[in-house]
Amino acid sequence: MNVTVRGQTRPYRTVTFDAQQNAVRLIEQRLLPHEFKIVATKNFRETADAIRDMVVRGAGAIGAAAAYGLAQGARAFRGGNLRKFSAHVGTVYLTLKAARPTAVDPVNAMNDVRRLMARGETVEEQQALALAAAEEFASEDVRHCEAIGRHGAKLIRDGMKLLTHCNAGWLAFVDVGSATAPMYAAQAAGKKFHVFCDETRPRSQGATLTAWELAQQKISHQIIADNAAGHLMQRGEIDLVIVGSDRTLGRTGEVANKIGTYTKAVLAKRHGIPFYVAIPLSTIDWKLKSGFDIPIEDRHEHEVLGAWGVVEKQEAESRKLKTGERAYVRVANPTSGARNPGFDVTSAELITGIITPAGIFKPRELWNRRRSLGKH
Ligand code: MRU
C-alpha cells in the first residue's frame, strides 16, 4: 500500500526478499506509527528472532517471513550433499516454526515451500525452488487479500460504522490486509463509512498500526478503548464488525484471533450486529478438531504491566527528556504480576460469515467446501 513518509508517497510491501544479499526485508512494526523504517535480517535465525520479537507480526506477514526465512536458510547451505541439506532445512523449519505458535500461516507457508522444493533433484535446484515458492506464497497472499476485498466490500454500505480489532491490515499481510481489504475496496468504490479501531491492549496494534494504516489511506476512523465497544453497540453506533484470524479451523469454523475478539463476538451477537472474519486460505488449519487444541501464546507480563510510546514535546520539555524517543513506561502497581494470553477462540455460532478469497461462507460450511478452499 502507499505510505507517505516525510512528504514522499510510494508503495511498500510488509515483507520482501533481497536475493542478492540473501536477506529478508521487513517494515519494523514496533516503531510504527512514530517511525517508518525497513530492516533486513541476515540469516534465518535473525528472521526467526524478528518474528518472535514482533518486528514483523500478523498471520500472513509472519507466514511470508517464515517462507522467505526457509528459503534464506536453504540458500545459505554450502555443498551438494542432499541428505545433509535436508537435515539443515529441517532445523531451519523448526526454528522458524517455534517463533510464534498460534498463527498457522507460517507452518502452511513453509509446508508449501518444502513441497515445491522437493521437486528439485540437486541442492542447487532445491535452493532455487525454495525462493520461487516463497515468492509465490507472498504473491498469493496479496491475491487472496485482494479477492477478500472484492467479496467483503459488498457488506459495507454508505454511512456504515464498522468495528475492527487488532491489526488485520496490510501490515499483518504482505499487502492489502484481510479485515481491511473490504474497507479499501469499498473506499475505492466511492463508499463513505467510519471505522472504530479497538485499541487492542496489551500491545495496542489497533491504536498504533490499524489507525496508522487507515490514516495513511485517508479512511475516516477513531480509536476506541477496548472496553468501549459494548457501549457503542448498545447505542446503535456499530453496524458491522470485521476482524482477521491467526488460525481458523476448517473442521469446526472456530476462529483464533487476538485476545478480546471473543468478547466482541459475544457482544455483537447480543446486539444482533453482523460479525465477519476475513481470512486468506493460508490461515485455515484443516487438521485440528477443536479450538481447545489451538496453542495459545502466553506472552510476557511486561506487555500488560506497562506500555510503549514516545515522549511528547510538552512532557519532554518539563522532564528534560528527548522528544519522540520510544520508551516503555510501567503503568501497573510495581509489586503486581500479570497473566497475558495473546489470543482467544471464537466459536462458529458467534460468527456471521467467513470472508475468504473464494467467497463468503458460514463457518461450518468450510469443511464441505474444502476442495475449493485449498485443502491438499
Ligand atoms: O500478535 P499479532 O500482532 O501478530 O496478532 C495478530 C493480529 O494482529 C491479529 O490477531 C489479527 O487480527 C490477525 S492477523 C491477520
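The protein is divided into domain 1 (2-146) and domain 2 (151-296 + 341-365), with bounds taken from an automatic or database domain assignment. The model is predicted; local features require pLDDT of at least 70 and side-chain atom pairs count only at pLDDT 80 or more, whereas totals for chains, interfaces and linings use all residues. Residues are numbered from 1 along each chain as its sequence is written, and side-chain values use heavy atoms, with hydrogens and water left out.

The centres of the two domains, taken over C-alpha atoms, lie 25 Å apart. Domain 1 contributes 35 residues to the contact and domain 2 contributes 34 residues, contact meaning heavy atoms within 4.5 Å. Together the domains bury about 2,800 Å², of which 58% is on carbon and sulfur atoms; buried area is the accessible area (1.4 Å probe) that two parts lose on being put together, summed over both. Of the area that domain 1 buries against domain 2, 23% is supplied by Thr102, His144 and Cys145, more than by any other three residues.

Zero salt bridges are counted between the domains (a side-chain nitrogen of Lys or Arg within 4 Å of a carboxyl oxygen of Asp or Glu). By contrast, 18 residue pairs across the interface are in polar contact, both residues being at pLDDT 80 or more. A polar contact is a pair of N or O atoms within 3.5 Å; within protein, one must be able to donate a hydrogen and the other to accept it, and residues adjacent in sequence count only if both atoms are side-chain atoms.
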